[in-house]
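Have a look at the sequence and the fold before reading on.

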Amino acid sequence: MSLALSLLCAPAWAAPDKAEYDARVGKARELIAITGMAKLSDQITTAMVGQIGQMVNKLNPGHEAEVKEMLEEYFLPEVRASAPEFMEAIAGIYATNFTVAEMDAVIDFYKTPVGIKMLNSLPTLTQQSMAVGQAWGQAVAQRATGKFVEALKKRGLKAPQQL
């Protein structure tokens with residue numbers, strides 16, 4: 001784990017001993033596995049790469065196939081190779097915020113019919129939430145930028161061409 005991630009995930013509580021923290025991390029790994037977080041993270045990564053591709057394609061019209069190939073050759077493998085580091089960081093976060101007993105309760109929930117439904121629905125929920133979030137973010141940014149630029153101009157200040 002990188003230094004930045006290890007500092008971010010350092011326990012906020014004073015663990016009684018290393019064994020307790022290790023037990024929490026182990027249970028967090030189990031929770032991450034049952035939730036399919038690695039697969040979900042990969043789906044989010046794939047969507048992110050698609051968005052990056054769209055931005056690069058706007059700057060390089062006619063080179064879509066080349067951009068896609070380069071993203072798949074250079075960008076995506078690097079991100080995917082670092083996924084285990086990310087999952088370990090998430091395990092550290094869970095370990096600092098939940099006890100073994102609490103994570104056991106969550107794992108038990110995910111084994112129930114409604115928990116299984118929730119897990120099976122997460123990819124669709126995440127995809128739909130990302131689409132709504134992107135549209136909402138663009139609309140809000142557009143409104144906020146317009147008001148901000150207008151206020152700058154009213155005060156005789158210059159606004160950048162693009163925000």
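Among contacts in the chain between residues at least 6 apart in sequence, what share joins residues at least 24 apart? That share is 73%, where a contact means heavy atoms within 4.5 Å.

## Ground rules

This is a predicted model, where local features need pLDDT of at least 70 and side-chain atom pairs count only at pLDDT 80 or more, while totals for chains, interfaces and linings use all residues. Residues are numbered from 1 along each chain as its sequence is written, and side-chain values use heavy atoms, with hydrogens and water left out.

## The overall picture

The chain has seven helices and zero strands (DSSP runs, H or I of at least four residues for helices, E of at least two for strands, numbered from the N terminus).

Of its 163 residues, 21% are buried, meaning under 20% relative accessible area, with exposed over 50% and partly exposed in between (1.4 Å probe, protein chains only).

## Where α3 meets α4

Helix α3 (residues 37-59) and helix α4 (residues 64-81) have axes that come within 10 Å and cross at roughly 145 degrees. Those axes are lines fitted to C-alpha atoms over the stretch in contact, with angles from 0 to 180 degrees between N-to-C directions.

On the α3 side, the contact includes Met48, Val49 and Ile52; from α4, Leu71, Phe75 and Leu76 are among the residues involved.

## A look at Asp22

Asp22 sits in helix α2 (residues 18-35) and is partly exposed because its relative accessibility is 36%. Its C-alpha atom is 8.4 Å from that of Ala95, 73 residues away along the chain.
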